[in-house]
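This report walks through a two-chain model.

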Number of protein chains: 2
Amino acid sequence: MNNLPQDVVIKEVGPRDGLQNEKTLIDLDYKIDMINQLSNSGLSYIEITSFVHPKWIPQLQDAVDVAKKIDRRDDVTYAALVPNMKGLERALEADIDEVSIFMSASESHNQNNINKSIADTYPVLQEVVDEAKASGKSVRGYISTVFGCPYEGDVSVDQVMSVCDRLFSMGIDELSIGDTIGVANPVQVHNVLSTMKERFDENHLALHFHDTRGMALANTLAALQLGFKTFDGSLGGLGGCPYAKGASGNVATDDLVHMLSKMGVNTGVQLDELLKAGQTIESFLDKPLPSKQMELARRM
Amino acid sequence: MNNLPQDVVIKEVGPRDGLQNEKTLIDLDYKIDMINQLSNSGLSYIEITSFVHPKWIPQLQDAVDVAKKIDRRDDVTYAALVPNMKGLERALEADIDEVSIFMSASESHNQNNINKSIADTYPVLQEVVDEAKASGKSVRGYISTVFGCPYEGDVSVDQVMSVCDRLFSMGIDELSIGDTIGVANPVQVHNVLSTMKERFDENHLALHFHDTRGMALANTLAALQLGFKTFDGSLGGLGGCPYAKGASGNVATDDLVHMLSKMGVNTGVQLDELLKAGQTIESFLDKPLPSKQMELARRM
């Protein structure tokens, strides 16, 4: 199996994308411990929270405290999701390193998630990107429902490309390609990413897979084979649980790191340190995290 | 993603490899219902039980009854595992279509599993193969610990090839390559299978992946890309459970069929019929089966 990248970057989104799907409100201290442990695992990027209105995601109402109280390492980028100017204001106040913005490739998911049409979302995001850039921050974009939409089903590659074009033209530094509902399969990943590579530099694209149907690592392999080098993961599969209805099912960072390491692809992440961070959250939630590596750790 | 096979064969091993790892003894009626439902799902091959001594696997002590009481379809091959001549006698009496024999690539696993050295296993299996063939039965071989051994760790490809050579020279019709403890990664699968393809016709090789570390579908992709066309699976991931210690973790047939179907690879298997068979066993076990497709079905 030739032409795999030698090094990949793993971006940890568990403290945001994972936690926002956990119903049990987690104590601030546990979040801080978890993020500090993640910081010490060799990860170079952690999305630590979201500055959305607490009304929408009570779990992340402590966003400012999280950002201010964690121990920051110079070699780690601490990012946070920001939906609008109000969120950006709080994020800047909390001195976030990188700002993430998000929207969907499909009209109806965008409408349901952001409460705006795609066309009406662009100017809101443009304002955030401009202001973040003016404040010296880099910006990451997320595009959801790239491989399928819960309302519309298939999403055309043309539609996806049109939103990607617009996001890059706003001035974002990286775009994370999301399989929001975990429907992508390796052939589809190959096809969509091949088209994307024709238009964009894959060094500015990341993959954000969900494991809802068990295909996240197979999809990762398909992306690696095309030379993609940046992958999002959620610690322990946080936010997804096989026994909870409506689980989001982010691919587990630890399972991702484990596979890559076994394949000889370097991530710079120490699996055992990741698992300690997972155990911190498991001890608070008092339930097992769904990843395979956390399962194996519990058997030790 | 070119050169994927258009059609693959899925071999269902849940009633044997899955059930032998379930502690709760399952009523004969439920097993029969499950196998009949599997028969009606479009599967062309079901390993229905094992004729090992009941002392070793009490779950499968009803092997003869299972074989005699299921409804057999002409378009389905009903196979069973056989460890020795005594087992073969019972299997022939029960009119099994195909006989499976098994051994390990690694000395210590073979010793622990079969209680014999590899050298001492060959003549036992040769006798079984000869007698099965003389009785007009086809024979499938299983080779365990191909990608790693719980006692020895790495297993050399030379050692694997030597056991494969010997098994084929016995006259077996197909060999199933087992990742018994679920440690294989896609690069390793690519490398080992590339070597195997140089010596053997891949149409006589099957892949038997376990999902212990979540890599089974990624490994399946790696094997498909090399043109391999036969894959074993266990209904619903039967026999493996994320919350049970020592779970074996066969890849779930339903997750495998789902992925292949989404990739445009034909299996001939109807997913909804598979899930009905899974629900039959779930209703007896009164616990969820671990596959993603069964999880999604429970949410409906």
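## A residue at the chain boundary

Contact means heavy atoms within 4.5 Å. By that rule B:Met263 touches A:Asn185, A:Pro186, A:Val187, B:Leu4, B:Leu221 and B:Leu224, leaving aside residues up to four places away in sequence. B:Met263 sits in the loop between helix H10 (253–262) and helix H11 (271–285) of chain B. Helices (H or I, at least four residues) and strands (E, at least two) are DSSP runs, numbered from the N terminus. B:Met263 is buried, at 7% relative accessible area. Buried means under 20% relative accessible area, exposed over 50%, and partly exposed in between (1.4 Å probe, protein chains only). Between the C-alpha atoms of B:Met263 and B:Gln126 there are 40 Å, and 137 residues separate the two along the chain.

## Basis of the values

This is a predicted model: local features need pLDDT of at least 70, side-chain atom pairs count only at pLDDT 80 or more, and totals for chains, interfaces and linings use all residues. Residues are numbered from 1 along each chain as its sequence is written, chains are lettered from A and ligands numbered from 1 in the order in which they are written, and side-chain values use heavy atoms, with hydrogens and water left out.

## Symmetry

Two copies of a chain are related by a rotation about an axis and a shift along it. Here a rotation of 180° with 0.0 Å of shift along its axis superposes chain B on chain A, with an RMSD of 0.0 Å. That is the relation of a two-fold axis. The same surface serves both copies: 100% of the contact residues of chain B recur in chain A. The superposition is by least squares on the C-alpha atoms of residues with pLDDT of at least 70 in both copies.

Of the residues of chain B, B:Ala218 comes closest to the rotation axis, its C-alpha lying at 1.9 Å. B:Ala218 is one of the buried residues of H9(B). Helix H9 (residues 216–225) of chain B is mostly covered, with ten of its ten residues buried. B:Gly227 follows H9(B) and has a positive phi, near 90°.

## The interface

In chain B, 35 residues are in contact with 35 residues of chain A. The two chains bury about 3200 Å² between them, 62% of it on carbon and sulfur atoms. Buried area is the accessible area (1.4 Å probe) that two parts lose on being put together, summed over both.

Seven residue pairs make polar contact across the interface, both residues at pLDDT 80 or more. Helix H8 (186–199), H9, H10 and helix H12 (292–299) of chain B each supply at least two residues of the side that touches chain A. H12(B) gives the most to that side, with six residues. A polar contact is a pair of N or O atoms within 3.5 Å; within protein, one must be able to donate a hydrogen and the other to accept it, and residues adjacent in sequence count only if both atoms are side-chain atoms.

Salt bridges also cross between the chains, and their count is two. A:Asp211 forms a salt bridge with B:Lys292, the closest N and O atoms being 3.8 Å apart.

## Salt bridges within chain A

A salt bridge is a side-chain nitrogen of Lys or Arg within 4 Å of a carboxyl oxygen of Asp or Glu. Over all chains the count is 35. In one of them, A:Glu22 and A:Lys287 meet at 2.9 Å, N to O. This pair links distant parts of the chain, 265 residues apart: A:Glu22 is in the loop between helix H1 (14–18) and helix H2 (28–39) of chain A, and A:Lys287 in the loop between helix H11 (271–285) and helix H12 (292–299) of chain A. A:Glu22 is buried at 6% relative accessibility, whereas A:Lys287 is partly exposed at 29%.

A:Lys31 and A:Asp62 form another salt bridge, with the closest N and O atoms 2.8 Å apart. A:Lys31 is buried at 2%, and A:Asp62 is buried at 13%.

## Cysteines

How many disulfides does the rule give over all chains? The count is zero. A disulfide is a pair of cysteine sulfur atoms within 2.5 Å. The sulfur of A:Cys149 is 15 Å from the closest cysteine sulfur, in A:Cys164, which is too far for a bond. A:Cys149 is buried, at 4% relative accessibility. In chain B, the sulfur of B:Cys164 is 15 Å from the closest cysteine sulfur, in B:Cys149, again too far for a bond. B:Cys164 is buried, at 0%.
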